Amino acid sequence: GTAYTNAEVEPHLAVNPLNANQMIGFWQQDRWSNGSARGLLAGVSNDGGKTWALKPLAFSRCGGGNPANGGDYTRATDPWVSFGRDGVIYAMGLATTGASFQPGSVNAMLASRSTDGGITWSPAATLIQDGPGFFNDKNTITADPTDARYVYAVWDRLVATGGGPTILARSSDGGVSWEPARVIYDPGVNSQTIGNVIAVLPTGELVNVFNRIDGGAGGTSTSTVMVIRSTDKGVT
């Protein structure tokens with residue numbers, strides 16, 4: 001592929017609920033023509049967006065990733081960022097080495113946290129890592145605005161032989177550690193989900209909105225927007 005230097009893709013922005021002047025943007029930096037980017041870059045502002053400081057996250061080698069900090073991958077994509085109710089920032093991305101479903105390839109969902117407004121970041125936590133039999137895609141991360149302990153990460157996990165269920169990884173200690181990733185919705189071998197996003201209602205109830213794609217005869221498919229809900233912080 002061709003790496004397009006200075007191409008910024010898939011920007012996402014979050015604002016600190018405790019301080020509206022503090023913002024963080026998160027995007028792909030130097031996008032490749034055949035997927036993903038050289039790295040994920042954060043832009044941090046403490047004056048309501050008037051000025052910005054750039055901070056690469058160590059989710060890939062170009063962003064400073066290595067075997068010691070959990071970011072030893074050649075490319076990264078799908079940036080998402082969320083502020084907790086206590087001002088802690090949570091960032092998530094998809095890191096890859098090699099082409100999807102090809103021998104020797106590896107892909108992983110990574111998360112990191114910042115307690116100083118995005119100036120410094122924790123080493124990347126690996127929420128899931130797979131080889132060529134699976135491809136994890138289209139992740140989002142949501143800090144619970146009703147309880148600072150909880151953070152929710154969701155994505156779809158495509159299976160080489162068919163299917164793509166919704167996966168959830170949850171933290172109950174403010175992103176210090178993560179529970180094992182698990183399936184929370186499986187549409188079946190001929191179907192997949194994509195675009196999973198968790199919203200937290202004022203009552204604390206979780207609503208995961210996603211798109212379900214069902215394969216049909218002759219290469220046709222149908223698309224349905226669906227929701228699933230949890231009243232126990234994602235346990236069920």
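1. With which side chain does the side chain of glutamate 205 make a polar contact? The partner is the side chain of arginine 229, at 2.8 Å. Note that this is a predicted model.

2. Glutamate 205 sits in a loop. The loop runs between β13 (191-200) and β14 (206-215). Glutamate 205 counts as buried, because its relative accessibility is 13%, and the cut-off for buried is under 20%.

3. Next, the surroundings of glutamate 205. Leaving aside residues up to four places away in sequence, glutamate 205 touches Ala199, Val200, Arg229, Ser230 and Thr231.

4. On aromatic pairs: the count is 3. One of them joins tyrosine 150 and tyrosine 152. The ring centres are 6.4 Å apart and the planes meet at 5°, so this pair is stacked. The cut-offs are 6.5 Å for the centres and under 30 degrees for stacking.

5. Are these two tyrosines buried or exposed? Tyrosine 150 is buried, at 14% relative accessibility. Tyrosine 152 is buried too, with a relative accessible area of 0%.

6. Two arginines have charged ends over rings. The charged end of arginine 75 sits over the ring of tryptophan 32, at 4.1 Å from the ring centre. For arginine 157, the ring below the charged end belongs to phenylalanine 134, and the distance to its centre is 3.7 Å.

How values were computed
Residues are numbered from 1 along each chain as its sequence is written. This is a predicted model: local features need pLDDT of at least 70, side-chain atom pairs count only at pLDDT 80 or more; totals for chains, interfaces and linings use all residues. Side-chain values use heavy atoms; hydrogens and water are left out. Helices (H or I, at least four residues) and strands (E, at least two) are DSSP runs, numbered from the N terminus. Buried means under 20% relative accessible area, exposed over 50%, partly exposed in between (1.4 Å probe, protein chains only). A polar contact is a pair of N or O atoms within 3.5 Å; within protein, one must be able to donate a hydrogen and the other to accept it, and residues adjacent in sequence count only if both atoms are side-chain atoms. Contact means heavy atoms within 4.5 Å. Rings of Phe, Tyr and Trp (its six-membered ring) pair if their centres lie within 6.5 Å; planes under 30 degrees apart count as stacked, over 60 as edge-to-face and the rest as tilted. A charge sits over a ring if NZ of Lys or CZ of Arg is within 6 Å of the ring centre and within 35 degrees of the ring normal.
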